[in-house]
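This report describes selected features of one structure, beginning with a salt-bridge partner and ending with a helix and its surroundings.

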Amino acid sequence: MNYDELRLLRRTHPGWRLLAADHAPLVVSFLYRTFVEPNVRALAEQDLASRLDDYLFHLREGQDEDPFPKPALGYLKDWAADERGWLRKYYPPDGDEPHYDLTPATEKAIRWIVSLEQLRFVGAESRLMTVLDLLRQIVQGAETDPDVRVAELDKQRA
C-alpha cells in the first residue's frame with residue numbers, strides 16, 4: 001500500500017470513515033449494542049429509531065448542552081446515506097417499512113475496535129500472571145531455617 005492508495009481508502013472506505021467520525025463513539029457503541037452484541041441482523045426503522053432515541057436520551061442525561069442535536073431518525077438516515085455507508089437501508093419483500101442492517105465495513109470496524117479492548121485485557125492478565133508467578137517463586141525460595149537453606153544451596157551447587 002502506498003500513500004495515495006491509503007489517502008483514497010481513508011476518504012472512501014466506510015469503515016475508515018466510521019473510525020474517523022466525530023461521533024464515532026456514539027455510532028459504534030449504539031450499533032454494537034443493537035446489532036453485534038445481541039447478534040441481530042436487521043431491524044425495522046421505527047424499532048431502530050426508538051432504540052436510538054432511548055440511547056440518545058441516556059447519553060444526554062446530565063449534559064449541560066446537547067452533544068447530539070438531531071432526532072434519532074435523522075441520525076439513522078445520515079448513517080445509511082452513501083457518504084457514510086455504515087447502515088444499509090432496504091425494504092423487505094413482505095413489508096413497506098424500511099429496515100436497516102450493518103454494512104460489512106461497519107461490522108468489520110466494530111469488531112476491530114472490540115479486539116482492541118480484548119488485547120488490553122489479555123495484556124493485563126498476562127502481567128498479573130507474571131506477578132503471581134514471581135510471588136510463587138519468592139515463597140518457594142524463602143526458607144526460614146538458615147541451615148536448611150545452606151544445605152539446599154550446597155545441593156544446587158553440587
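## Salt bridges

Asp66 has a relative accessible area of 39% and is therefore partly exposed (buried means under 20%, exposed over 50%, partly exposed in between, with a 1.4 Å probe and protein chains only). The model is predicted: local features need pLDDT of at least 70, side-chain atom pairs count only at pLDDT 80 or more, and totals for chains, interfaces and linings use all residues. Residues are numbered from 1 along each chain as its sequence is written, and side-chain values use heavy atoms, with hydrogens and water left out.

Asp66 forms a salt bridge with Arg60 at 2.9 Å, N to O (a side-chain nitrogen of Lys or Arg within 4 Å of a carboxyl oxygen of Asp or Glu). Arg60 is partly exposed, at 25% relative accessibility. The whole structure holds 10 salt bridges. Another one pairs Arg157 with Asp154, with 2.9 Å between the closest N and O atoms; the two are three residues apart in helix 7 (residues 146-157), which means a separation of about one helical turn.

## Helix 4

Buried residues of helix 4 include Leu48, Leu52 and Leu56. The buried residues fall within an arc of 125° seen down the axis, so they line one face of helix 4 (the arc is that of the directions from the helix axis to the C-beta atoms). On the other side, Asp54 and Phe57 are exposed.

Methods: Helix = DSSP H or I, 4+ residues; strand = E, 2+ residues; numbered from the N terminus.
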